[in-house]
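This report describes one protein chain for a reader new to structural models. Please examine the sequence and the structure shown below before reading on.

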Amino acid sequence: MTRTPPGAPAPVPPLVPPRRAHLALAVLAAGAFCFVTTETLPSGLLTLIARGLDRSVSATGQLVTAYAAVVVVFSLPLTRLTTRVPRRGLLTVTLAVFSAATLLAAWAPTFEVLLAARVLSGLAHALFWSVAAAAATGLFPPEVRGRMVARLSVGSALGPVLGVPAGTWVAQQTQWRVAFLVLGVLSVLLTLAVLALLPSHPPEQGGAARALEPSRPRYVLLLGTTGLAVAGGMAVLTYLAPFVIDHVGVAEGSLSLVLAVSGAAGVVGTTVAGRFLDRRPWPTLVVVLAGLGLAHLGLGLLGGSVAVAVACFGLAGACFGGLATTLMHRGLQHAPGNTDLAMAGVSTAFNVGIGAGALLGGRVVATWGVQGVPLLGASLVLAALVLVVTEPRLVAGREADRARGRPGSDGLRTQVPGGLSG
């Protein structure tokens with residue numbers, strides 16, 4: 001049953017023709033593709049950039065770290081500062097800043113300038129992912145919101161599968177600057193398309209400005225689930241290459257095939273999850289977490305076999321793609337207040353999970369070897385699954401306490417990012 005927070009206007013999709021709404025969604029999905037490709041592209045160009053700017057590969061790797069750190073630190077503050085800015089203008093400016101930063105990266109004469117361009121891109125990324133989901137899905141009726149979230153997420157899922165390999169190939173054929181130049185030009189075109197296609201209306205009148213089923217306890221549990229599950233998934237994905245080469249015994253030249261299987265499966269998982277989100281959101285989250293945990297256990301216990309390892313990486317890719325879509329949809333569904341702020345919180349938890357997964361995975365590699373990483377990933381994912389499975393009972397207990405006048409849910413209040421209370 002759809003509920004609206006007391007005193008808040010009922011969310012109504014803006015009056016936009018269906019064709020225009022679908023075009024706007026496609027443009028935002030393309031924007032997501034550019035953001036994710038730009039975020040991860042340096043991982044494929046580290047050697048070329050290091051050589052071109054006369055830096056070590058390890059120092060050049062800071063380009064990825066700095067980007068992620070900016071997203072974690074600035075997602076919530078930037079979203080809070082822009083809560084009253086119309087979405088069309090905000091997303092247009094965000095993409096314009098991103099375009100300028102990407103073109104600056106293509107021109108950068110020194111490593112310091114390139115690093116500054118990455119920080120600027122990270123700021124745009126932080127704001128884009130906080131507002132794009134609500135802006136895109138708010139163009140459609142609530143009963144199809146899950147499918148629209150999945151279509152938006154396909155753009156981000158295609159970044160590692162298509163964007164990074166294509167950008168790496170372009171850089172190898174020419175030079176690394178050309179890859180950023182192409183992304184910058186594409187981003188300029190998308191900026192103009194957003195300006196032309198998105199409707200202009202106050203943020204609070206957007207169709208997804210408020211959640212359909214706002215719940216502070218569910219949202220807090222979602223943040224914990226996101227951090228744990230993403231940390232588990234990224235611990236394995238970060239060390240996929242050494243696991244495949246050193247433990248499974250796959251030739252280095254065949255590594256790209258394993259990556260392709262995992263990436264393509266992620267696109268499929270995103271699409272399939274979107275078909276169930278509108279009707280079965282909670283079971284979908286349970287299934288993708290169980291599948292991801294099972295894939296990691298398979299790698300940890302039977303990953304010495306090439307066939308088993310490839311199958312498990314495919315399953316992990318599909319479930320991780322579906323997981324990202326499901327977490328985004330759940331944030332829109334249960335945000336206790338403003339959905340943009342809620343998505344900023346989810347984005348922050350997601351990026352904290354990315355960093356924590358890579359850090360914990362590195363500790364395991366140093367202590368027990370790369371074969372121990374999938375078991376770490378499985379334990380973190382299964383911990384997230386426990387949170388989700390027990391969520392109905394936990395939430396019911398807290399709501400019962402509140403109905404009896406006990407402070408059952410007040411203890412959660414301080415854990416929610418500022419400004420999210422309804």
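## Overall fold

In the protein chain, 87% of the contacts between residues at least 6 apart in sequence join residues at least 24 apart; a contact means heavy atoms within 4.5 Å. This is a predicted model, in which local features need pLDDT of at least 70, side-chain atom pairs count only at pLDDT 80 or more, and totals for chains, interfaces and linings use all residues. Residues are numbered from 1 along each chain as its sequence is written, and side-chain values use heavy atoms, with hydrogens and water left out.

The chain contains 15 helices and zero strands; these are DSSP runs numbered from the N terminus, with helices (H or I) of at least four residues and strands (E) of at least two. Of its 422 residues, 54% count as buried (under 20% relative accessible area, with a 1.4 Å probe, protein chains only).

## Packing of H3 and H13

Helix H3 (residues 62-81) packs against helix H13 (residues 339-368) at an angle of about 175°, and their axes lie 8 Å apart. Axes are lines fitted to C-alpha atoms over the stretch in contact, and angles run from 0 to 180 degrees between N-to-C directions. H3 and H13 are therefore roughly antiparallel, a term for angles over 145 degrees.

Among the residues that meet are Val71, Val72 and Leu76 in H3 and Leu341, Ala344 and Val352 in H13.

## Confidence

The average pLDDT, the predictor's confidence in each residue from 0 to 100, is 86 for the chain, and 89% of the residues score at least 70.

Over residues 408-422, pLDDT stays under 50. Where pLDDT is low, the predicted coordinates should not be read in detail.

Methods:
Parallel < 35°, antiparallel > 145°, perpendicular 65-115°, else oblique. Buried < 20%, exposed > 50% of the residue type's maximum accessible area, 1.4 Å probe, protein only.
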